Amino acid sequence: MPRAHLLLLLAVGVALHALVTPVTASRFTFKMPSRQEECFLEEVDARSSSNKLLFRFGILEPNYYDLIDVTIKAPSWKVVESWNRTQGDHVTAPVRETGLYHLCFRKRAGASKEITVYYSFDFISTGSVHVTLYPNLAATLDKVTPDSTMYTTMMLGTVEGAPHKIGIVDYSLNGISPGVVRGNTRVQLLLSVEFVSKPKVEVSIARYPNRIEYPLSWDSMGNYVKYEYRQRVFDTAIAELGTHVAFDVTELVTEALKNKKPTITFSLHVNEDAEATISGMSYTTPDYYPKIVFEDMGLDLMREVAFFKERVFTLRGDITYIKQKERASRNAAESANSRVKWLSMLTNVVLVSIALAQVMYIRTMLESSY
C-alpha cells in the first residue's frame, strides 16, 4: 500500500478516535498504607445524550482478607456507582453531568498494612448535541388535590390501574427552525429518575394534543388525565432508581416544527400499580433537568468504534475478574493443602508417639513380671 494511503488511514483513525473519545483514558496505580479515604478526580465532558463512563479497579496480589470500598461520585456529589468489601470490579455507567468525577477508595479494617490498588478510567461519547431545550414547566398533577399543581418534580403514580398522579412537561419551540432537524439528527427527551417504588417501573409517555391552559390542574386537563392519554402513548421505558430515561421524540418534534406549533407538551405515567419520581427544575442541577436535545449522531463508523471500545473494556474487566477469582481459588487450595500437610505431619507424630508409648509400656510390664 502506498505511503500516502497509510498516512490517510492513520489520520482518519486518529480523527475518529478523537470524536468518539473526548478524554484520554487514565490508568493509575497507588498504595494505601492507611484506612484514610483516597479520592482522585477525572474530568468528563458529557457532550451528547449517549455518554458512558468506563471504570475498572482492583487490588494487586491481594490476600483473601484485603478488601476495599469504592465510590464514584458525580460533580453534584450524586453517587454513580459504589462497591463495598470487594477486591475488584468494573462498570459501564451512563452519565449526564459534565465536570470532575470523584473516584474514592477506602481500605477496610483487617486488610494488610499496605495494599496496592489500580484503576482504569475511560469515557465514551458519540454524537454531539447542538440544541438543548429546557422546559417551560415540569409539574405534577394529583387527583387528591385536583385544583392545585406541584412545580418542583414530576411524581407519577397508579393505583388499581387508574392514574392518580401524572407528570406534565412543556417546551417552547419558538425560534427553532425546522432545518435544525437533518437526516442524521435524533431528538430525544431525557429524564432523570429520582425514586421508584419497585426495582423496575415501566414509564410511558404521551403527547398532549392541546396547548397548556393556566392555571394548570388535574381538573383543567379534563378527560385527558382519566382515559384519553392512553390513546396517545407513543413509547415506554423501564425506570430504575438513579438511572436516566430517554424517549425518541424526533418525529413528533419535527411535525410540530413543520406545523409551526409554539409549544410541545408531554405527559408521563406509570403503567402498573407503582410510583416514580422524575427530576424537575428544582433541587437539582441543570444536567438533570428534563430536556429535549437535538443531537447529531455522526457517522455510523463512530458508533461502531464506540461500541467496540466498550465491549473490549468490558471483556478486559471480565478477564480481570476471572483472574482474581482464579487467584483466590488457587490461594484457597494452597492454604488447604498447607493445612492438610501440617495436619498429616501432626497426625504422624501423634501416631509415632502413641506407638513408642505402647512399646515402652509393654516393655515395662514385661520387665516387671520377671
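Analyst: One place to start is a contact between charged side chains: K198 and E272 form a salt bridge, with N to O at 3.5 Å. Keep in mind that this is a predicted model.

User: Where do K198 and E272 sit in the chain?

Analyst: K198 is in the loop between β14 and β15 (201-208). E272 is in the loop between β18 (263-270) and β19 (275-278).

User: Is K198 buried, exposed or something in between?

Analyst: K198 counts as partly exposed, because its relative accessibility is 35%. E272 also has a value in the partly exposed range, at 25%.

User: How many salt bridges are there?

Analyst: The count comes to three. One of them pairs R186 with E295, where the closest N and O atoms are 3.4 Å apart. R186 lies in strand β14 (residues 185-196) and E295 in strand β20 (residues 291-296), so this pair ties together parts that are 109 residues apart in sequence.

User: Why does D69 count as buried?

Analyst: D69 has a relative accessible area of 13%, and buried means under 20%. R108 has 27% and is therefore partly exposed.

User: Switching topic. How many disulfides does a search of the whole structure find?

Analyst: The search finds one. That disulfide joins C39 to C104, with an S to S distance of 2.2 Å. The link is right-handed, with 110° about the S-S bond.

User: Which parts does the pair of C39 and C104 tie together?

Analyst: C39 lies in strand β2 (residues 38-44) and C104 in strand β7 (residues 99-107), so the link ties together parts that are 65 residues apart in sequence. C39 is partly exposed, at 36% relative accessibility, whereas C104 is buried, at 2%.

User: How do β2 and β7 pair?

Analyst: β2 and β7 pair in the antiparallel sense over seven bridges.

User: What actually holds strands of a sheet together?

Analyst: Strands of a sheet pair through backbone hydrogen bonds, in either a parallel or an antiparallel way.

User: Where does β8 come in?

Analyst: β8 belongs to an open sheet of four strands, ordered β1-β8-β3-β6, again with antiparallel pairing. The edge strands there are β1 and β6 (88-94), each pairing on one side only. Neighbouring strands of this sheet are turned by 15° against each other on average, direction ignored.

User: How many bridges join β1 to β8?

Analyst: Seven bridges join strand β1 (residues 26-32) to β8, and the two run antiparallel. Partners include M32 with I115 and T29 with Y118. Strand β3 (residues 51-59) also pairs with β8 in the antiparallel sense, over nine bridges, and L54 stands opposite D122 in β8.

User: Is β8 mostly covered or mostly open?

Analyst: Strand β8 (residues 115-125) is mostly covered, and eleven of its eleven residues are buried. Both faces are covered. One side carries I115, V117, Y119, F121, F123 and S125. The other carries T116, Y118, S120, D122 and I124.

User: Last thing. Where does UniProt place the "transmembrane region"?

Analyst: UniProt gives it at residues 342-362, in an unreviewed entry. In the model, residues 342-362 are 100% helix and 0% strand, and the end C-alpha atoms lie 30 Å apart.

Technical notes: Residues are numbered from 1 along each chain as its sequence is written. This is a predicted model: local features need pLDDT of at least 70, side-chain atom pairs count only at pLDDT 80 or more; totals for chains, interfaces and linings use all residues. Side-chain values use heavy atoms; hydrogens and water are left out. Buried means under 20% relative accessible area, exposed over 50%, partly exposed in between (1.4 Å probe, protein chains only). Two strands pair if DSSP finds at least two bridges between them. Axes are lines fitted to C-alpha atoms, for helices over the stretch in contact, and angles run from 0 to 180 degrees between N-to-C directions. A disulfide is a pair of cysteine sulfur atoms within 2.5 Å. UniProt positions are given in the numbering used here, feature names are shortened, and annotations may be inferred rather than shown by experiment. A salt bridge is a side-chain nitrogen of Lys or Arg within 4 Å of a carboxyl oxygen of Asp or Glu.
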